[in-house]
Every structure is written in C-alpha cells, then in structure tokens.
Amino acid sequence: MRYINKKFTIEKISIENIAKKFGTPFYCYSYYQLKKNIINFKSKFKSFSPLICFAIKSNTNVNLIKEIKKFGLGADVVSMGELMIALKAGINPKKIVFSGVGKTSKEISFAIDKNILLINAESKSEIQEIHRISKLKNKKIQIGIRLNPNTDAKTLKQISTGKEENKFGVNEKTFLELINYCKISKNLQLKCLSVHIGSQILDNKPYKKMLKIIDKIIDKVDHKFEFIDLGGGMGISYNQKDKKLNYNEYCKEIKKFLKKHKSKIIFEPGRSIIGNTGVLVSKIIYIKKNKRKSFVILDAAMNDFMRPALYGASHRTLPSERKKNKSRKSYEFVGPICESTDKFISLKNFQELKEKDLIAICDVGAYGMSLSSNYNMRPKLPELLIKGSNIKVIRKRQKLKDLL
Ligand SMILES: *Cc1c(COP(=O)(O)O)cnc(C)c1O
C-alpha cells in the first residue's frame with residue numbers, strides 16, 4: 001500500500017477506483033502483504049519449525065482463512081463457530097487448537113468429534129467436563145492446560161491476559177494439581193502447556209519472563225509435554241513511532257528453552273499475520289465546524305471498526321489523494337453513530353479536506369471486521385481481496401433487507 005501519482009493504492013488499484021465500483025465504506029486486503037507476512041513469520045522461526053495456528057478471532061473471513069491455509073497454517077479457535085469456519089476453510093483438524101475460558105459442553109463435544117489437535121483447558125471445572133464427555137464417548141483426548149504466568153505483557157491493559165488478575169489460565173499451584181488429575185484419568189492425555197499473555201506486544205522482556213516461568217515449572221514436574229504453545233500477541237507498528245518486536249531475540253530465547261525441554265512449539269498469531277493487510281475506506285459525508293474544532297463525519301462508524309472506541313487504539317488515517325499545496329487543518333474523524341465514543345482519531349496538520357473525499361484507515365486487518373456489529377441497524381461492510389489489479393469480493397455488503 002502506497003501513494004502512486006499521489007493516489008492511495010493497494011497493489012495496482014487506487015482506492016478511489018475501488019470505491020467507484022463498490023461504493024463506501026468497505027474493507028480491502030492486500031494478498032501480497034498477507035503472503036509476505038506469513039513467509040516472514042515462518043522464516044523468523046524456521047530453525048525449530050513451529051506449528052503456526054492462525055488466531056481466527058482476528059479475522060473470520062473464510063476466503064482469507066482459505067488463503068492462509070494454503071501456506072500450511074493451522075488455526076487457534078475460541079468458539080464452536082470459529083472451529084466450524086476453520087474446518088470450512090479446509091484447515092486440517094490436526095492443526096487446530098481450541099482456547100477460551102468458557103467452552104460449553106456442546107463446544108467440547110463438537111471439538112472431540114472433530115478430532116482436533118488440542119483442547120487447551122483453562123480451569124479445573126473445564127478439565128473435569130472434558131474428562132466426563134470423553135469418557136461418555138469412550139475416547140482418549142489430547143489436551144493442554146493454559147498457565148497464567150502472572151506476567152505483565154506491557155501492552156494496553158484491555159488486551160493484557162497473562163496477569164493474576166486476568167480471568168485466563170490457571171496459576172502454578174492449580175497447574176500442578178491438574179497435572180496429577182490428568183495422570184489418573186484414562187481419557188485425558190496431557191500433551192501441552194499453553195500460555196498467551198496478551199496482544200500487541202512490542203517488548204521482548206515479557207516473553208522472556210514468560211519462558212523463564214514455564215522453564216521453572218517444567219523443571220518441577222515429572223511430565224513430558226509434547227507441545228509448548230506460546231500463544232500469539234506479536235505486535236505490529238500502528239504508528240511510525242511504535243517500536244518493533246525483536247523477533248531474533250525472541251527466537252534465541254525459545255531455542256535456549258528447547259535445548260533443555262525438547263518439544264514442538266505452537267504459535268497462535270493473529271494480528272501479526274493479518275493486521276497490516278487491511279484498509280478501511282470511508283467517504284466524508286459532512287464536515288461540521290464548531291467554535292473549537294472541525295468534525296469530519298465519515299460514512300464508517302464504530303460498529304464497522306471498533307478498536308478506537310473499545311481500546312482507545314489509534315490508526316494511521318490518510319487521504320485517498322495527497323494534495324501538496326492545500327493548507328493544513330486540525331480534524332476530528334468521527335462516525336454517524338449516536339455515541340460520543342464513535343470517534344476514530346483527532347489529527348493536527350492534516351491536508352484540507354472537503355465533503356465526499358475518501359479516507360483510508362490503515363492496519364485494520366485484525367480485529368476490524370471480526371469485531372464489527374449491526375449497531376444502529378447498520379449493515380455489515382463488504383470485504384475485498386486485492387491481488388495485483390484483480391479485485392475479489394470475499395464478503396458481500398450486507399443488505400438492509402436482511403436486517404429487517
Ligand atoms: C487473541 C488470542 C491470540 C491472538 O493474539 P494476537 O495478538 O492477535 O496475535 C492467540 N491466542 C489466544 C489464546 C488468544 O486469545
């Protein structure tokens with residue numbers, strides 16, 4: 001994605017031309033960027049060839065998952081619906097892991113029937129339930145236990161998951177008890193220790209600390225884990241000043257860990273695979289000035305893209321056409337929804353805009369469309385996949401008729 005002749009262009013098509021054909025607002029993704037991200041991710045860890053399970057919750061478009069599957073990735077799912085969409089995309093069940101604190105009996109039963117690689121349990125009650133269901137089905141089930149390493153991921157507090165006060169995983173004491181519980185069970189095979197300390201992590205230290213804690217626990221127990229699932233959370237650069245996660249350093253730490261504890265590493269990346277592949281294109285409906293500021297009222301809103309309202313996240317917001325000589329202005333970019341949090345970003349020194357201009361909100365591939373809703377009776381947006389000069393509609397715009 002870049003400006004060609006001053007026009008914001010995805011692969012070989014300007015967003016202006018896409019908008020002419022499909023209307024606004026819409027999500028579009030670059031196939032080339034997706035491919036590049038997957039190849040890069042794999043190459044960073046190729047020395048121990050991990051199983052890479054794409055976190056479906058970051059983007060649930062079946063056509064994108066199909067593309068991701070072609071590179072051999074598996075899936076990390078957190079609900080029956082996600083498990084179904086991963087299977088529909090053709091992902092091998094033996095590459096699927098199921099995470100989440102509240103899997104229902106129905107979900108556990110479905111996962112068992114589909115013979116997925118691992119159910120990563122997050123409590124004693126859940127393990128007892130998996131045991132009960134697998135006994136009923138007279139099956140041996142491979143499970144993991146998610147450890148809460150009480151490690152601060154140093155990210156936004158809303159997307160931090162590895163601290164004691166978070167609902168995720170079990171603490172060390174419970175973890176040790178549960179190992180013994182699994183040993184007695186004839187239906188449970190404890191294959192995996194899993195962790196996931198949070199999302200949008202840019203600092204290596206939390207990962208390093210997390211590995212140290214896992215190392216210590218494994219030293220304490222008499223159990224061989226075939227898999228160590230390190231979760232996802234690798235951050236991306238939303239803004240130029242964001243620092244970059246040092247993958248080499250993380251890889252080195254993992255290799256050190258593997259020398260001591262031979263096992264297969266699993267990753268569950270979402271954002272780092274799909275985040276920077278997507279752009280949300282929106283048209284300015286009105287520009288409204290008051291004494292203090294100018295509101296740019298877009299045709300996209302918080303229901304279409306929720307990260308700013310939900311987490312206070314800020315995303316690069318750019319004009320579809322760069323104009324050098326225009327004067328610079330301060331703008332607050334908002335949507336039409338009846339909520340004051342329906343605001344994308346405030347920017348100073350932006351090129352002067354006019355009504356009907358197009359705006360691109362960048363890096364929305366992860367937790368963009370998948371977090372969208374029909375709030376205010378607004379139909380869901382279409383998704384387009386760009387490959388060179390080819391545009392493929394990978395999700396149609398929802399019709400108002402369907403909402404009615
Ligand atoms: C959300 C989630 C992920 C993916 O996180 P990213 O930050 O998108 O990489 C991985 N594993 C689990 C258990 C999750 O809940």
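In the predicted model, the largest pocket lies between domain 1 (2-29 + 275-403) and domain 2 (31-272), because both domains give residues to its lining. The space in this pocket amounts to about 1,000 Å³. Its lining comprises 32 residues, and those closest to the centre of the pocket are S237, K244, N276, R316 and D363. By residue class, the lining of the largest pocket consists of twelve nonpolar, ten polar and ten charged residues.

Among the secondary-structure elements, β1 and α2 (31-44) each contribute at least two residues to the lining of the largest pocket. The greatest contribution comes from α2, which supplies seven residues.

The strand β1 also belongs to an open sheet of three strands, arranged in the order β1-β2-β3 with antiparallel pairing. The edges of this sheet are formed by β1 (2-4) and β3 (13-14), each of which pairs on one side only. Between β1 and β2 (residues 7-10), the antiparallel pairing extends over three bridges. Within this pair of strands, Y3 is placed opposite F8 of β2.

The second largest pocket has a volume of about 660 Å³. A total of 34 residues line this pocket, and K57, R146, T161, F168 and H196 are the ones nearest its centre. The lining of the second largest pocket is made up of ten nonpolar, 15 polar and nine charged residues.

Technical notes: Residues are numbered from 1 along each chain as its sequence is written. This is a predicted model: local features need pLDDT of at least 70, side-chain atom pairs count only at pLDDT 80 or more; totals for chains, interfaces and linings use all residues. Side-chain values use heavy atoms; hydrogens and water are left out. Two strands pair if DSSP finds at least two bridges between them. Helices (H or I, at least four residues) and strands (E, at least two) are DSSP runs, numbered from the N terminus. On a 1 Å grid over the protein atoms alone, a cavity is a set of points where a 1.4 Å probe fits but cannot get out, and a pocket is an open set with protein on both sides within 12 Å along at least five of seven lines; lining residues have an atom within 4 Å of a point. Grid points are joined across faces, edges and corners, and a volume is the space filled by probe spheres set on the points. Ala, Val, Leu, Ile, Met, Phe, Trp, Tyr, Cys and Pro count as nonpolar, Asp, Glu, Lys and Arg as charged, and the others, Gly among them, as polar. Domain bounds come from an automatic or database domain assignment.
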